[in-house]
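The structure comes first, then the text.

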Amino acid sequence: MTRPTIRHLTAILAAATAFTLGGIAMAQDATTGSVHIVGFSGVFADNYQKFIIEPFKAQHPGIEVTYEQSKNSAETLALLTLQKADPTVDVALIDVAVAIKGNAEGLFAPLDPAVVTNLADTPDWARIGEDRNIAFSQDNLVILYNTQTVSEPPTSWTDLKDPKYQGRIAARLADTRGVILIPILDKIAGTDYKESIDPAIAAINEFAPNVLTWDPAPDCYAVVQSGEVDLSICWNGRAQYLHDTQGGIIGISAPKEGSIGQTNTINLVEGSKNAEAAQLFINYALSAEAQATFAEQSFYGPVNSKVELTDAVAARIYGSKEAQAAQTSLDWPYIATVYSDWIQRINREVIAFN
């Protein structure tokens, strides 16, 4: 029997390596199909494509992913309701309160933990409706300010009523921003939002004379960027991105009393024709890798319990150590039951009179 030479061994090793790599490539290509996602628009959509969808496609080249931008979660819910009998959407990214409503209408399917293995690293509070609505990120409510016109940035939510801001604030509160601001202001007043929101409504009315517009156009970021107003109540993630990409004109203040994260959920649509591929995508979106990248690049708070943020990134998402310590969460199933009533009270008792 001829003893193998180094050349023979090298050839055998190369062939084995090629076979192994081929097997990996075949494993990547094993799942084919498409995933149609509907979700948030603008900067969020751009970053989600870059930091979540593209890396997923690199790992699963056999799966085509398309992302359709929606104006807001209510519009997404209307679309899903319209096509309930024959859905073309596979995955929906929507606000948690709207997701809970959609779940009650039978629009979402439970995830399979054997496929979506990263559910194991998702905290209990983020697994809603028997794993039909899963939180994947949080975007904090903050105060935006124009760095060219405001020399001393606000540090407290109570700064909104300072007379120096008369006619210099933009505040769209007849939506989730108002719903989140109410528990923040109730907390400052020492009140439980489940008991009464009267103190919060009174606090909004205190700063209402300073509000130039309750409907900033085109949005709460642009009116600060242009100098039309000095302050705006809006979302942190997008503002941080705009600060970095548009000359630092938009400044962000995370008030010392803390904030509350707007919870964004990822949901498998009931009746999806691409459920296998869709759950593979959801599993990646919930991974520590994906959520850490999205937090570092887009400044959305991660949900996966294995993600560890640097102090610098945590400060840009949650604010100072004091603000981080004061950060609170909401009972979202409860909020879903009062969401519309709270919006009506803001419209009727605040906006209509100011």
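## Second largest pocket

The lining of the second largest pocket holds 7 nonpolar, 6 polar and 1 charged residues. Here Ala, Val, Leu, Ile, Met, Phe, Trp, Tyr, Cys and Pro count as nonpolar, Asp, Glu, Lys and Arg as charged, and the others, Gly among them, as polar. The second largest pocket has 14 lining residues, and Gln240, Ile252, Ser253, Ala254 and Ala315 lie nearest its centre. Its volume is about 200 Å³.

At least two lining residues each come from α8 (236-245), β10 (250-253) and α11 (311-318). The largest share, 4 residues, is that of α11. Helices (H or I, at least four residues) and strands (E, at least two) are DSSP runs, numbered from the N terminus.

## Basis of the model

This is a predicted model: local features need pLDDT of at least 70, side-chain atom pairs count only at pLDDT 80 or more, and totals for chains, interfaces and linings use all residues. Residues are numbered from 1 along each chain as its sequence is written, and side-chain values use heavy atoms, with hydrogens and water left out.

Pockets and cavities are found on a 1 Å grid over the protein atoms alone: a cavity is a set of points where a 1.4 Å probe fits but cannot get out, a pocket is an open set with protein on both sides within 12 Å along at least five of seven lines, and lining residues have an atom within 4 Å of a point. Grid points are joined across faces, edges and corners, and a volume is the space filled by probe spheres set on the points.

## Largest pocket

The largest pocket contains about 1,100 Å³ of space. Its lining has 35 residues; Asn72, Ser73, Asp95, Asp175 and Thr176 lie nearest the centre. Two or more lining residues come from each of α3 (73-82), α4 (96-104), α5 (176-188), β9 (231-235), β11 (261-269) and α13 (332-349). The largest share, 5 residues, belongs to α13. By class, 17 lining residues are nonpolar, 9 polar and 9 charged.

## Cavity

There is 1 cavity of 30 Å³ or more in the structure. About 60 Å³ of space lies in this largest cavity. Among its lining residues are Tyr48, Ile52, Phe136, Ser137 and Ala285. Two or more lining residues come from each of α2 (43-59), β6 (133-146), α10 (288-298) and β12 (301-302). The most, 4 residues, come from α10. The lining has 9 nonpolar, 3 polar and no charged residues.

## Packing of α5 and α6

Helix α5 packs against α6 (residues 198-207) at an angle of about 100°, and their axes are 8 Å apart. Axes are lines fitted to C-alpha atoms, for helices over the stretch in contact, and angles run from 0 to 180 degrees between N-to-C directions. The pair is therefore roughly perpendicular (65 to 115 degrees).

From α5, Leu181, Ile182, Leu185 and Asp186 meet Pro199, Ala200, Ile201, Ala203, Ile204 and Phe207 of α6. Contact means heavy atoms within 4.5 Å. The contact residues comprise 9 nonpolar, no polar and 1 charged.

## Thr31 and the whole chain

Thr31 sits in the loop between α1 (6-29) and β1 (33-39). Thr31 is buried, at 13% relative accessible area (buried means under 20%, with a 1.4 Å probe and protein chains only). Beyond its neighbours within four places in sequence, Thr31 contacts Gly62, Ile63, Glu276, Ala277 and Leu280.

The chain has 13 helices and 12 strands. Of its 354 residues, 50% count as buried. Its C-alpha trace spans about 95 × 45 × 35 Å along the principal axes.

Key: Angles under 35 degrees count as roughly parallel, over 145 as roughly antiparallel, 65 to 115 as roughly perpendicular and the rest as oblique.
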